[in-house]
Amino acid sequence: MKPDEIRIEDLEVFANHGVFPEENTLGQKFLVSAVLYTDTRNAGKTDDLTASIHYGEASVFMENFLRTHTFRLLERAAEALAEEMLLGIPLLEKVSLEIKKPWAPIGLPLKTVSVKIEREWHTAYIALGSNMGDRERYLSDAVDALGEIRGCRVEKVSSFIETPPYGVTDQADFLNGCLELRTLLYPRELLDELHRIEAQAGRERIVHWGPRTLDLDIIFYDDLVIQEEDFCVPHVEMQKREFVLAPLSEIAPYKRHPVYGKTVKELLADLTRSSS
């Protein structure tokens, strides 16, 4: 179902944003409009303000943030405010934000210039694996590291299971798991963070499918399908890997593959039947 909307239009904020030094020191008026996406059903049934987003508090939140920060670009102001709102306002799933700048100093008659963006929480599923050293510690540390990233929240973590190696079989057994991550990061940004965490764990990409201290893969990102030369989502071979499907089925059995149309539970059953 589509989320409900709470709309705030043309909130006046006096702030210090702009490319020119005088804009940063003298300040000027900005107009801020926001669409707050949330579920208002409970508030509508109970008349309980705490079950929804308080538009007055949201307005104060936006005004205070823009007034106490200075940015050169409207793009940066909008991006920073949207992120802060999603992190700081409970029950907010998505925000459509427009910041208008009246009478922008361009030397031409102009009513307003504005930047409008939409930002939201996304759900990603990450597979974890290790077959070197203290495997459980590598996986646990990776879970903690993901939860410490700004704009990331670990929601669920599967149990860790021991599995034989895949691809290159002449190596130690793996410890594998999966987690559910709520994130504001875009897919490439999330991938970069996974690579950073792998590098901190001493991961070296020498042998394809070879031994590794830590392996982190994006299995799903919402229902997005990405097919690029060096990046595929859903993970291109997840349906062939019991060490992915088994722990993933533990935390998201009814998550449906956006290409094959089957749930994780169904994909695992198909794989189990084909292997028997």
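**Close-up views of a predicted model**

M132 is partly exposed, with a relative accessible area of 35% (buried means under 20% relative accessible area, exposed over 50% and partly exposed in between, with a 1.4 Å probe and protein chains only). This is a predicted model, in which local features need pLDDT of at least 70 and side-chain atom pairs count only at pLDDT 80 or more, while totals for chains, interfaces and linings use all residues. Residues are numbered from 1 along each chain as its sequence is written, and side-chain values use heavy atoms, with hydrogens and water left out.

**View A. Surroundings of M132.** M132 sits in the loop that joins strand 5 to helix 5 (helices, H or I of at least four residues, and strands, E of at least two, are DSSP runs numbered from the N terminus). Beyond its neighbours within four places in sequence, M132 contacts Y138, P211, R212 and T213 (contact means heavy atoms within 4.5 Å). The C-alpha atoms of M132 and T213 are 4.9 Å apart, although 81 residues separate the two in sequence.

**View B. Helix 5 and its cover.** Helix 5 comprises 13 residues, 135-147, and spans 19 Å from first to last C-alpha, close to the expected 18 Å (1.5 Å times one less than the number of residues). Its buried residues are L139, A142, V143, A145 and L146. Viewed down the axis of helix 5, these buried residues fall within an arc of 165 degrees, so they line one face of the helix; the arc is that of the directions from the helix axis to the C-beta atoms. An α-helix has 3.6 residues a turn, so residues three or four places apart point the same way. The cover over the buried residues of helix 5 includes strand 5 (122-130), strand 6 (152-157), strand 8 (174-183), helix 6 (187-200) and strand 9 (215-221).

**View C. Nonpolar cores.** The largest nonpolar core contains 32 residues, and L36, M62, M85, V95 and L97 have the most contacts inside it (a nonpolar core is a set of buried Ala, Val, Leu, Ile, Met, Phe, Trp, Tyr and Cys residues joined through side-chain atoms within 4.5 Å). At least two residues of this core come from each of strand 1 (4-15), strand 2 (28-38), helix 3 (55-68), helix 4 (74-88), strand 3 (94-102) and strand 4 (112-120). Helix 4 contributes the most, eight residues. A second, separate core of 26 residues includes C152, L194, I197 and Y221.

**View D. Cysteines.** The disulfide count is zero, where a disulfide is a pair of cysteine sulfur atoms within 2.5 Å. C178 is buried at 1% relative accessibility, and its sulfur lies 16 Å from the closest cysteine sulfur, that of C152, too far for a bond. C232 is partly exposed at 32%; the closest cysteine sulfur to its own is that of C178, at 18 Å, also too far for a bond.

View E. Most residues other than glycine have a negative phi, and most peptide bonds are trans. D47, in the loop between helix 2 (41-46) and helix 3, has a positive phi near 65 degrees and is exposed, with a relative accessible area of 75%. L91, in the loop between helix 4 and strand 3, has a positive phi of about 75 degrees and is partly exposed at 42%. The peptide bond from V233 to P234 is cis, with omega near -5 degrees; P234 lies in the loop between strand 11 (231-233) and helix 7 (242-251).
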